[in-house]
Amino acid sequence: MRNARVWAGLLGLRKTVVERVEFDEQQQVLVASVRPGRGRRRRCGVCDRRCAGYDQGAGRRRWRALDLGTIRAYVEADAPRVSCPEHGVVVAAVPWARHGAGHTLGFDQTVAWLATVCAKSAVTDLLRIAWRTVGNVVARVWADTEAHVDLFDGLKRIGVDEISYRKGRKYLTVVVDHDSGRLVWAAPGADKAALAGFFTRLGPERCARITHISSDAAGWIREAVTEHCPQAIRCADPFHVVAWATDALDELRRAAWNQVRGAARGTTRANNRNHRPTGDTKALKNARWALWKNPENLTLRQKEQLDWIAKTQPALYRAWALKEGLRTVFAIARRDPAEAIEALDRWISWARRCRIPQFVKLARSIVRDRDAIIATITNRLSNALVESTNTKIRLIIRRAFGFHSADAIIALAMLSLGGHRPELPDR
Ligand SMILES: [Zn+2]
């Protein structure tokens, strides 16, 4: 029957017999009644093994398929149960959908592809599904992908990081490949046990082949690395080190702001005027970006703010110069490692004597982690690749807010950055 083949093609069905197609006037949807093709019946939904039939289950079921033009389409079939020697009584496998899913394989695949390339609202509007549903779909598509690929092939130099999700209350541990920039692995939790999960899965043989591991100075990372990859050289990610300096600078800026504000309040009270922020407090508050951004990216206005800080807040300006100095150390490292190490030591002695408590403290942390920082410099570990992957992971996690599980967040990150991006069905 040629018509049935056309319908199967339109609905993206394989190894499936289309019995008839009807238009449901009441719900305004197209419904294709189908059954599994020969050889695809009475298989366990979990392991796909051929089993004995058990019963008719809960009767007929519908699966959402891709829209046909503007019309919503469903596939409808019996959902009998089988008795699997390993998995017990389970709903039989169907060739058009994953076990337990309410959408067809083609639908799942399209959702996964869209979720990795489009904005949230583009996916939900186009496919008329909730963002939570997108989360469920990407989780099962990733579970399937992960089962068929080797994520750890040829891994030598890795970066370990923790990333917060759920507005900072929960953490993921992520592992990135320094050589390809791929996200290799992610799991909920940021502690020794979470990272041990990665090393266990990697296995002792491949753990032994890891040469370099970069991370921030977190103690739990160090402990897990010593335990599972004692041969690996521990390196410090330059962007973490620069982030410490940025944090110290911000702490100082806030202190300066509070001080100026306190002084302003004192004057206003004395003069019996309204409490209003003075020009100085406002300017300090607005100068945040001027202090944070790399000088080459500053706008004209931000450059002016920086000049103003140089004149009015000399300590804050020195702190800014210290932050920039540290960034320069890593910029030099790309060109000349030996010179960068000299520059690092000059920076340490400068920071030690700077009389800014936040930076004296930072100098101490850097001395503590000096070996790891020097390992990064001498091994020319490409910071840019890992930093850009980290930035992308953070963006994806922000988008994934609203997924109900960490698994779905991880799935979207892995599908997007793990080197196995979903393709559109039948391409
Ligand atoms: Zn089974």
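Select valine 82 and valine 90: in β7, valine 90 is the bridge partner of valine 82. Strands here are DSSP runs of E with at least two residues, helices are runs of H or I with at least four, and both are numbered from the N terminus. What you have open is a predicted model, where local features need pLDDT of at least 70, side-chain atom pairs count only at pLDDT 80 or more, and totals for chains, interfaces and linings use all residues. Residues are numbered from 1 along each chain as its sequence is written.

Now select residues 81-84, strand β6, which runs antiparallel to β7 and is joined to it by 4 bridges. Two strands pair if DSSP finds at least two bridges between them.

**The four-strand sheet**

Next comes an open sheet of 4 strands with mixed pairing, ordered β1-β2-β5-β4. β1 (16-24) and β4 (60-68) are at the edges with a single partner strand each, so one side of each has no neighbour in the sheet. Here the twist averages 25° from one strand to the next.

Select β2 (residues 29-36) and β5 (residues 71-78): these strands run parallel and are joined by 5 bridges. Which residue in β5 is the bridge partner of alanine 32? That partner is valine 75.

Then show helix α1 (residues 2-10), which lies across β1, β2 and β4 and runs at about 80° to β1. Such angles run from 0 to 180 degrees between N-to-C directions, and axes are lines fitted to C-alpha atoms, for helices over the stretch in contact.

**Two crossing helices**

Select helix α2 (residues 105-117) and helix α4 (residues 131-148), whose axes come within 9 Å and cross at roughly 100°. That makes α2 roughly perpendicular to α4 (65 to 115 degrees). Residues making the contact (C-beta atoms, placed from the backbone, within 7 Å) include Val111 and Ala112 of α2 and Val137 and Val138 of α4.

**Last stop: alanine 321**

Find alanine 321 in helix α12 (residues 314-335). Is alanine 321 buried, partly exposed or exposed? Alanine 321 is partly exposed, because 13 other C-beta atoms lie within 10 Å (20 or more would be buried, 12 or fewer exposed, with C-beta atoms placed from the backbone). Finally, select tryptophan 292, which is 29 residues from alanine 321 in sequence and 11 Å away in space, C-alpha to C-alpha.

Definitions and conventions. Angles under 35 degrees count as roughly parallel, over 145 as roughly antiparallel, 65 to 115 as roughly perpendicular and the rest as oblique. Two residues are in contact if their C-beta atoms, placed from the backbone, lie within 7 Å.
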